[in-house]
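Thanks for coming. I'll take one model today and go through a few of its parts in turn. Please have the sequence and the structure open.

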Amino acid sequence: MPSQSRLLRLPTLFALLLGVALAVLSTPVLASAENSKPDLICHTSDPQDCYPRLFEATDEFQQIRDGQEIPQGLHVRLNIYTGEKEAKINVPGEGDPSLEGLLKEQAVVVVEPAARDDPIIPPGAPVYETAGQIKTPPHAAKAFVDAMKLLKAERGEHDPSFDASLEGLEELAHDMYYGLQIAEDPDVVKALVCHMIQEPYPRAQDAEDLAVLPRDQQAAAILAASLQNNPTALAAVSKQWPGLLQHYCPEGMAPLASELFRSIGPRPDQDAAAAPLIKARVAAISGLIKDPAIRADFLRHHLMGELARVLAREDKAWAAAQRKVGLLAVDHFLDADMGAVAGEWPRAPKLTDEQCAKESWQAPEGCWDYHVARIAKANKGDKGHWSRDVQARLAAARKKNTAPSKHVEL
């Protein structure tokens, strides 16, 4: 029979074991309660100013508040105007237009502020000059000075030094300073235009000579280069424009007002060998007609009809010149983002396919639609072909331009 003392110890041992068990079971609960964080963050005594500790992302960008925890995998950006971080649910494959063309390691998303309809200009602020200041190079190029002198001297045929100087002048004309120097000299501009439109001189057929561009093509390239992205140079030519139109070229039978406007498109007797020259002329004309007054003169003298004759050529050798013509139409008349003024062109009514097919190489202005469509059909496998864009923009322009056609007879 167990002793009395042993019987007394059993309840005590049982109570002890029960207490240990309860302590073990309650420890996680207490620890969890002690280590848990509040669900809200409140920096002030205002309960309305509290917000969740864990950032709750949506499909739209939201501000990340102070102290908020950001789950991994969100699309986070910085608003550089407010200095605030913003985040939203990341969508794989979704591109951000503001990052196009930037290296991902260096990309910063810029959030544009709301545009003002009435920007405030401080009183007495200087007029903004888009061209900026054209700096004079520390050392003037001797080749440039020599080429300018040769141009004004009107050197004749078969002069290797003259043609070599033209080639060097084209390289320098791309520089804004030298481009402006060319444009500011009326005698040089007149010489370039005269060489551009006059008949090419006879050339020897040796290998060295064939490496030099024809003089007319070279002159057009120089004029185009001097005006490219150089509004100050264009303004200089615009001031000379009335006097330039009255100028007689050395071998010209009429002033430039007559000869220039009818020299843009190809003649019936010119074959594919003339395509590079026409392309160069179109590039020069495209630079000139950025000026509104000069553009108006070209339109009055049926510029777009001349260019339609380029589009009418079916030889593949004309493809580059035709593309240059299409880009001219988009940049100056069909795309407002490029500075085109709505309603300036097209002017002539659209002709039927039968009429344009009958006109063949003559291609009046109203046949632009027909020839662009023909070129687009011939290149239907190329979804990025220039003709598709021109075709769509031209159709849209015709719908908007319901005014009566304007024609000026020469």
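Leu288 has 3% relative accessibility, and because the limit for buried is under 20%, Leu288 counts as buried. Keep in mind that this is a predicted model. Leu288 belongs to helix 10. What does Leu288 touch, leaving aside residues up to four places away in sequence? The list is Leu223, Leu227, Leu234, Val237, Trp241, Ile294 and Phe298. Take Leu227 from that list: 61 residues separate Leu227 and Leu288 along the chain, yet their C-alpha atoms are 7.4 Å apart.

Two other names on that list, Trp241 and Phe298, bring us to the aromatic pairs. The count of aromatic pairs comes to six. One of them is Trp241 with Phe298, a tilted pair with 5.9 Å from centre to centre and 35 degrees between the planes. Trp241 is in helix 8, residues 231–245, and Phe298 is in helix 11, residues 292–300, so this pair ties together parts that lie 57 residues apart in sequence. Are Trp241 and Phe298 buried or exposed? Both are buried.

Next, Phe333 and Trp345. This aromatic pair is also listed as tilted, at 6.0 Å centre to centre with 55 degrees between the planes. Phe333 sits in helix 13, residues 319–334, while Trp345 is in the loop between helix 13 and helix 14, so the pair ties together parts twelve residues apart in sequence. Phe333 and Trp345 are both buried.

There is an aromatic cluster as well, formed by Phe144, Tyr177 and Tyr178. Tyr177 and Tyr178 are among the buried residues of helix 4, together with Gly179, Leu180, Ile182 and Ala183. Helix 4 spans residues 176–183 and is mostly covered, with six of its eight residues buried. What do those buried residues pack against? They pack against helix 2, helix 3, helix 5, helix 7 and helix 8.

Arg77 lies over the face of Phe61, 3.8 Å from the ring centre. Lys88 also has its charged end over the ring of Phe61, at 5.6 Å from the centre.

Now a pocket. Rolling a probe the size of a water molecule over the atoms shows where empty space is left. The second largest pocket holds about 580 Å³ of space. Its lining comprises 26 residues, and Ala283, Ser286, Gly287, Lys290 and Lys324 are those nearest the pocket centre. Which elements give two or more residues to this lining? They are helix 7 (215–227), helix 10 (275–288) and helix 13. Helix 10, where Leu288 is placed, gives the most to the lining of the second largest pocket, namely six residues. By class, the lining has 13 nonpolar, seven polar and six charged residues.

Last, the chain as a whole. The protein chain has 16 helices and five strands. Of its 410 residues, 36% are buried. Among contacts with a separation of 6 or more, 61% are between residues 24 or more positions apart.

How values were computed
Residues are numbered from 1 along each chain as its sequence is written. This is a predicted model: local features need pLDDT of at least 70, side-chain atom pairs count only at pLDDT 80 or more; totals for chains, interfaces and linings use all residues. Side-chain values use heavy atoms; hydrogens and water are left out. Rings of Phe, Tyr and Trp (its six-membered ring) pair if their centres lie within 6.5 Å; planes under 30 degrees apart count as stacked, over 60 as edge-to-face and the rest as tilted. Helices (H or I, at least four residues) and strands (E, at least two) are DSSP runs, numbered from the N terminus. Buried means under 20% relative accessible area, exposed over 50%, partly exposed in between (1.4 Å probe, protein chains only). A charge sits over a ring if NZ of Lys or CZ of Arg is within 6 Å of the ring centre and within 35 degrees of the ring normal. On a 1 Å grid over the protein atoms alone, a cavity is a set of points where a 1.4 Å probe fits but cannot get out, and a pocket is an open set with protein on both sides within 12 Å along at least five of seven lines; lining residues have an atom within 4 Å of a point. Grid points are joined across faces, edges and corners, and a volume is the space filled by probe spheres set on the points. Ala, Val, Leu, Ile, Met, Phe, Trp, Tyr, Cys and Pro count as nonpolar, Asp, Glu, Lys and Arg as charged, and the others, Gly among them, as polar. Contact means heavy atoms within 4.5 Å.
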